[in-house]
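User: I'm new to this one and would like a close look at a single part of it. Could you walk me through it?

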Amino acid sequence: MKKYETVIGLEVHVELATKTKIFCGCPTQFGGKPNTHTCPVCTGMPGSLPVLNKKVVEYAMAVGLATNCEINRNCRFDRKNYFYPDNPQDYQISQLYEPICLNGHVNINVDGYEKKVRIHEIHMEEDAGKLIHDELKDGSLIDFNRSGVPLIEIVSEPDMSSADEVIAYLETLRTTIQYLGASDCKLQEGSMRADVNLSVREAGSDKLGTRTEMKNLNSFKAIARAIENERNRQIVIIEDGGQVIQETRRWDDNKEESYSMRSKEDAQDYRYFPDPDLPGIFISREWIDEIKQREPEFKAARQERYISEYGIPKGDADIITDSKKMADIFEEASALCNSPKKIANWLIGDTIRLLKEHDMDPDDIKFSPENLAKLVKLTEEGTINSSVATEVFEKVFADNIDPESYVKEKGLAQVNDESALRDTVQKVIDENPQSVEDYRGGKEKALGFLVGQTMKAMGGKANPGLVNKLLKELL
Amino acid sequence: MSLTDLTATELGKRIKEGKVTAVDAAKESLENIKEKDKGLNAFVTLADEAGVIKRAEEVQRQIEDGSLTGPLAGVPVALKDNLCTKGLRTTCASKILSNFVPPYSATAVENLEKAGAVIIGKTNMDEFAMGSTSETSFFGAVKNPHDAERVTGGSSGGSAAAVAAGEVAYALGTDTGGSIRQPSAYCGVTGIKPTYGTVSRNGLIAYASSLDQIGPIAKDVTDCAAILEAIASYDTKDSTSVKRDDTDFTSALGGDVKGLKIGIPNDYFGEGLDEEVGTAVLAAADTLKEMGAEVERFDLGLVHYAVPAYYIIASAEASSNLSRFDGVKYGYRAKDYEGLHQMYKRSRSEGFGEEVKRRIMLGTFALSSGYYDAYYMKALKTKALIKQAFDKAFEEYDVILGPVAPTVAPRLGESLIDPIKMYLGDIYTVSANLAGLPAISLPCGVNSRGLPIGLQLTGNCFNEKTIIKAAFAFERKYGESIKPGGEEA
């Protein structure tokens, strides 16, 4: 078999975190009763007119500036005409001719090498409503709550060649956009959606193969599987002497296969034209500067700072800064208890473990930096030992409890009273003559057993260092 | 003298003086409509009578307690049926919206209500404002009060006829390519299309968004100025709305036209113009000259490109604007269909009339991939050139004077046979829409059959006051407007 290389470009839709919709004052809030976050504008009532939400332009500009784009200072909206019931006007207001951001790039890191992925454009548009099939009445119902929620579409050049690169690119975009506060970028919930354009070609060829567009990719894992699958599917077709058809395909992650949605021949003519209801947007230099000035400290800069300022290892700083939420907790908690390394350990250790166990994102973290700082203080002061601390942390993670009052309430404070401990230790020695003999015979392990027995007798609250010391002394 | 012979501001004055009440005015208007509208078909929907009386009583109270003081307080009004009225059916004279009751009112309608207007009903029109005769309505053609065999013009034919026949003292129309001015001319009444952006389009069911403007149709220039003053507003619900601090249009009523520079485009007096119309319009120019205006002929240029550019731009926008009428959310849905696509096709095929379908197809074609540059882009460039030609003309002149339409009102049924000919009839009016200019249409004579002839005065953007002043001066000189029946007053 010949050697093939994969060429991948991405279209990424990101739902912006504005409070109101792009062209009306309705809330963007997720989860309201159907058709309660609607008005004549976002339900396409006759005579209603769109009025642009300025915040959408600012978020789009912020993402563009953070991804090294040029800002198109005279951008405007176009209508994309197509009939579908979730599209109340039967046209979508989008940008084709003059998108807001052009010619950008991001640098991604994959397995130790750096790569530049170019961004062709970023444009603003409105989301559609949601169709719900009513099984009982065998009909379809429409919920327009999502209709008019602002989106940006980030269109990359075909600069990626593997699933790892695609995921690195998406993670870079996600982190950047999250740091900007422009979106929460959750793939599962659809606030970040990626369509993968993929083609293969013989290694070394400079001619692009025929590409397909893959939709319905709801997780990084699905994206990786779909890329692998589509690459192989196309190679098999070519190896068999066939031709890849330019088409849109839908990924079924349960079956781990894709199927054709529509071919290029069925592609609709969207008859784009400038929306006469929306005048062009003039973006002044001052406005661009203002957005630039508001730019937060991004991941890379924070990572550097955590290494140099707090002495956090590079790998740990990388994990913490992956999520702005976690990075913020790190900084605030460190400021409160002055033990950044211990805070970092809780975050990259138990926090990451619990997030994985509960299938959660760092953005879903509920505990406050204050309570994490209190927990660290309790361990540092020796009020609780490490096994109790782990137990308390699980409570902090689950319910954001106040560790100080919790420890007090549950009587979890460590026993540091030497005389109280001495009696228990003596009792353990008396009850375990065999282990005592083993220890004295040179078996160090036997000491561990005796420590364990003592801790058990103390209900886990004994200071382990003190137990050790007393055992050695009494033996 | 019957109340319905009064102009809107005269009626408003009498109500304010306590000589009549808003309730009397509303009742008389309703009576008149009952009596006359069977022959005219000017109305599509009348407001519920009890509701109208209740509203008139409320307005009367507010006039009496001094909270309503404007010149239109208590005066009944008719609204073109493409203006959304909360709770009152709004059809655009189309089957597809024949059951549509809007959940909100257009900003212009709200502005009128704040001024104390009593809404009597919704007037007939060409379906979706597409047409120049008011014959394409799903509810049947409107008849001209001057001659029931003739059309009223369009598309605001119902509004023009209702005013001309004295059913109401004034009405609102909309003008995309002449739809206020041309029926005003055919019916012998006065109408203004304001500068684009002066009156909010919020709640106006769009035909061609970049050209549509709402404006008054009334018995004289004074009324038009007062009505425009009431409906003009900067509206945050319309992104094309313009902030203006010069909408006190009634302040332009008066003064003389001495030194006013009036240009007459030679291009408007060529082939296709009816001789009697041309003579009446030039006579009006002479009248203004006698009054001290400086009148001059000049070459405007590009006139013959205006109609094709207009029909491409308007149809292109319409093809997209009218997509939302799909049978899904409101309006007419076909009874029998299988699946979504058939539902769309049948609802739209059955719901839209011929002229609307023609323009949707024309516009869809103009925007199609491969044709966009040749048609739509070229039309936009032509539009820009036409605007430039007017900019140049307004460096020389304050007002451009010309006919409103090449002929008087044609006979019913004559125009629809040849749509191209009908489209060419818009030659004098579409340019004001393409260039966003204000223009007024007012009576300047009648032909040998006693049919009204209109005079059009066009001003530069935001210069409504200039054309109002000139029109007011001419109107006073010319005398009373023409009464139904065809006798010259």
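This is a predicted model: local features need pLDDT of at least 70, side-chain atom pairs count only at pLDDT 80 or more; totals for chains, interfaces and linings use all residues.

To get my bearings, what share of the 475 residues of chain A count as buried? After that, please zoom in on strand S7 of chain B.

Analyst: In chain A, 41% of the 475 residues count as buried. That chain holds 15 helices and 16 strands. Its radius of gyration is 29 Å, well over the 23 Å that the globule rule gives for 475 residues, so chain A is more spread out than a compact globule. Along the principal axes, its C-alpha atoms fill a box of roughly 90 × 60 × 55 Å.

Now for your strand. S7 of chain B covers residues 190–193, and both of its faces are covered. B:Thr190 and B:Ile192 sit on one side, B:Gly191 and B:Lys193 on the other, and all of these are buried.

S7(B) also has partners. Strand S8 of chain B (residues 213–218) runs antiparallel to S7(B), and 2 bridges join them; here B:Thr190 stands opposite B:Ala218. Strand S12 of chain B (residues 439–446) is antiparallel to S7(B) too, joined to it by 3 bridges. In that pairing, B:Lys193 faces B:Ala439.

Stepping back, chain B touches chain A as well: 32 residues of chain B are in contact with 25 residues of chain A. Helices H9 (303–321) and H11 (354–367) of chain B each supply at least two residues of that side, and H9(B) gives the most, with 3 residues. By class, the side of chain B that touches chain A has 13 nonpolar, 12 polar and 7 charged residues.

Notes:
Residues are numbered from 1 along each chain as its sequence is written. Chains are lettered from A and ligands numbered from 1 in the order in which they are written. Two residues are in contact if their C-beta atoms, placed from the backbone, lie within 7 Å. Helices (H or I, at least four residues) and strands (E, at least two) are DSSP runs, numbered from the N terminus. Ala, Val, Leu, Ile, Met, Phe, Trp, Tyr, Cys and Pro count as nonpolar, Asp, Glu, Lys and Arg as charged, and the others, Gly among them, as polar. The radius of gyration is taken over C-alpha atoms; the globule rule is 2.2 Å times the number of residues to the power 0.38. A residue is buried if 20 or more other C-beta atoms lie within 10 Å of its own, exposed if 12 or fewer, and partly exposed in between; C-beta atoms are placed from the backbone. Two strands pair if DSSP finds at least two bridges between them.
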